[in-house]
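Biologist: Hi, I have a protein to look at and I'm new to this. Could you walk me through it?

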Amino acid sequence: MAYTPMTARSRDEDHRASTPLELFFDLCFVVAVAQAGARLVHALAEGHPGTGVIGYFFVFFGVWWAWMNFTWFASAYDCDDVPYRIATLVQIAGVLVYAAGVSEAFDENDWTIAVVGYIIMRVALTAQWLRAAAGESGSARTAALKYAAGLVICQAGWVGLLFAPNDAKRWLFLVLVVAELLVPVIAERGHQTPWHAHHIVERYGLFTIIVLGETIAASTVAVKSALDEHEALGLLLPLAAGGLLIVFAAWWIYFAVPMHQHLTSNREAVPWGYGHLLIFASGAAIGAGIEVAVEHAVGKAHISQVSANASVMVPAAAFLFMVWLLHSRHFKRGLAQQLVLPVAALVTLACTWTGAYAVLYAGLVAVATVTAGVILAERRGGEAL
């Protein structure tokens with residue numbers, strides 16, 4: 001329709017699924033995720049892990065938070081009329097501008113282009129919340145206005161960040177991160193926006209597939225490199241195989257439980273939703289780590305074998321542990337089931353010191369983890385992995 005009043009959608013709506021516009025929105029985030037991963041690869045391969053990880057976190061937070069803001073709003077107020085679609089397309093344009101500024105933000109601590117991209121996104125999203133407020137009354141209207149005010153205040157802070165001394169920017173960034181995370185907590189006091197649990201879980205699952213797709217791409221690069229660098233064939237093919245096994249297992253483990261059954265209120269949803277920053281960031285970083293391992297294998301990365309291995313093992317272990325913490329532990333029964341993923345994370349970390357075939361060994365650990373989970377679940381009558 002050309003125009004329809006924006007009112008809250010029902011939390012009990014049947015067959016709620018992601019729309020084509022939401023899928024298109026996610027697709028555009030692939031560019032930003034890829035840019036963040038590429039800068040991480042460069043920093044790790046040059047032997048600057050501290051700077052690389054910090055810069056990657058800062059850049060990835062911007063990507064994740066922009067996606068979060070849109071996703072939760074859409075779950076509650078998507079009316080799919082012409083103004084809503086235009087506002088969403090404007091946000092997509094902002095994402096692409098943000099992605100264009102990733103390299104300068106990462107390498108030079110210059111956030112000008114990234115902040116401009118955020119301004120574009122925030123103007124559109126603020127207009128959406130004001131439109132939602134116009135269609136609501138009482139506590140729902142107050143919550144929508146709080147969201148709009150929070151967006152404007154935080155965005156003013158990001159603009160102010162551009163004028164701060166370079167030495168203070170990273171510390172001020174952390175302050176603004178906390179402010180951003182507090183906006184939903186404050187806005188939803190007294191009124192919970194009517195997000196749809198099944199829809200939210202599906203949206204998060206789709207973004208997980210996007211970040212795991214980055215690892216698939218990295219493994220593809222490894223295979224291509226193996227074909228081009230015949231003298232390193234014996235090292236690159238195990239890297240490719242191990243990378244694929246890790247990402248296949250990561251997909252299997254993440255989607256093993258019906259998470260929407262756990263999300264009944266903001267009490268469960270807020271830590272679950274915020275905690276996914278580490279799931280998404282670590283999932284994408286696995287791919288970056290594999291690229292670093294490939295560069296080391298062909299002599300292009302000036303780092304040790306242990307450092308190259310750690311670039312894969314650390315994010316892979318973080319992914320396993322965070323999926324257990326946010327997902328699986330709520331559905332597991334008994335000590336054996338509860339220990340599968342934490343132990344797998346520790347064993348994956350230990351693979352860091354296993355030499356040139358560490359990624360392949362980690363892939364085999366991932367396969368063993370899925371196998372153990374399936375066997376234990378079958379013994380429990382088909383319950384959680």
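Predicted model: local features only at pLDDT ≥ 70, side-chain atom pairs only at ≥ 80, totals over all residues.

Biologist: Got it. Is Asn109 buried or exposed?

Modeller: Asn109 counts as buried, because its relative accessibility is 10%. Buried means under 20% relative accessible area, exposed means over 50%, and partly exposed is in between (1.4 Å probe, protein chains only).

Biologist: What is its phi like?

Modeller: Asn109 has a positive phi of about 60 degrees, although it is not a glycine. Most residues other than glycine have a negative phi. Asp80 also has a positive phi, of about 55 degrees, and is not a glycine.

Biologist: And where does Asp80 lie?

Modeller: Asp80 is in the loop between H2 and helix H3 (82-100). With a relative accessibility of 32%, Asp80 counts as partly exposed.

Biologist: Let's zoom out. How many helices and strands does the protein have?

Modeller: There are 13 helices and 0 strands. The protein is as compact as a globular protein of its length, because its radius of gyration is 22 Å, close to the 21 Å that the globule rule gives for 385 residues. That radius is taken over C-alpha atoms, and the rule is 2.2 Å times the number of residues to the power 0.38.

Biologist: How many of the residues count as buried, as a percentage?

Modeller: Of the 385 residues, 53% count as buried.

Biologist: New topic: aromatic rings. How many aromatic pairs are there?

Modeller: The count comes to 32 aromatic pairs. Rings of Phe, Tyr and Trp (its six-membered ring) pair if their centres lie within 6.5 Å; planes under 30 degrees apart are stacked, over 60 edge-to-face, and the rest tilted. Take Phe58 and Phe173: their ring centres are 4.3 Å apart and their planes at 25 degrees, so this pair is stacked.

Biologist: Which helices hold those two?

Modeller: Phe58 is in helix H2 (residues 49-77) and Phe173 in helix H7 (residues 166-187). They are 115 residues apart, so to speak a link between distant parts of the chain. Both Phe58 and Phe173 are buried. They also belong to a cluster linked by ring pairs, with members including Trp64, Trp65, Tyr98 and Tyr274.

Biologist: What about Trp195, which residue lies over its face?

Modeller: Arg11 lies over the face of Trp195, at 4.1 Å from the ring centre. For that, NZ of Lys or CZ of Arg must be within 6 Å of the ring centre and within 35 degrees of the ring normal.

Biologist: Which residues does Arg122 touch?

Modeller: Leaving aside neighbours within four places in sequence, Arg122 is in contact (heavy atoms within 4.5 Å) with Trp65, Asn69, Leu151, Cys154, Gln155 and Glu180. Arg122 lies in helix H5 (residues 112-135), and counts as buried at 5% relative accessibility.

Key
Residues numbered from 1 in each chain as written. Heavy atoms only, no water. Helix = DSSP H or I, 4+ residues; strand = E, 2+ residues; numbered from the N terminus.
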